[in-house]
Amino acid sequence: MSKEKAEIIAYITLNKERVLGGNPLTIIANDVDEQKILCRDIAKAMKANVSQLNCGDYILIK
């Protein structure tokens, strides 16, 4: 069993009120389409997994 811990590497939202700063990288998308494209492109580049939260925001986990 691996002892590596998962890390949230990015949080992508449409709501600037959810940006708290610090780690992880937080990106505010202009619309849903841009949000999905950002998730796909960053996840591919970082070889990360994407999860959508109930609020509609996305987290990228590696």
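I looked up serine 51 first. Its bridge partner in strand 4 is isoleucine 59. The model is a predicted one, so I read every value as computed from it.

Next I checked how the two strands run. Strand 3 and strand 4 (residues 58–61) are antiparallel. I found four bridges joining them.

I noted an open sheet of four strands, in the order 2-1-4-3. The pairing is mixed. Which strands stand at the edges? They are strand 2 (25–28) and strand 3 (49–52). Each has a single partner strand, so one side of each lacks a neighbour in the sheet. From one strand to the next, I get an average twist of 20 degrees.

I listed the elements along the chain. There are four strands and one helix. Reading from the N terminus, I wrote down β-β-α-β-β.

Overall dimensions came next. The C-alpha atoms fill a box of roughly 40 × 25 × 20 Å along the principal axes. I then compared the radius of gyration with the globule rule. A compact globule of 62 residues would come out near 11 Å. The chain has 12 Å, which agrees.

I also looked at burial and surface. Of the 62 residues, 27% count as buried, with the cut-off at under 20% relative accessible area. The chain exposes about 4,800 Å². Carbon and sulfur atoms supply 52% of that area.

Last, I checked contacts along the sequence.

Notes:
Residues are numbered from 1 along each chain as its sequence is written. This is a predicted model: local features need pLDDT of at least 70, side-chain atom pairs count only at pLDDT 80 or more; totals for chains, interfaces and linings use all residues. Side-chain values use heavy atoms; hydrogens and water are left out. Two strands pair if DSSP finds at least two bridges between them. Axes are lines fitted to C-alpha atoms, for helices over the stretch in contact, and angles run from 0 to 180 degrees between N-to-C directions. The radius of gyration is taken over C-alpha atoms; the globule rule is 2.2 Å times the number of residues to the power 0.38. Buried means under 20% relative accessible area, exposed over 50%, partly exposed in between (1.4 Å probe, protein chains only). Accessible areas come from the Shrake-Rupley method with a 1.4 Å probe; for residues, only the protein chains shown count as cover.
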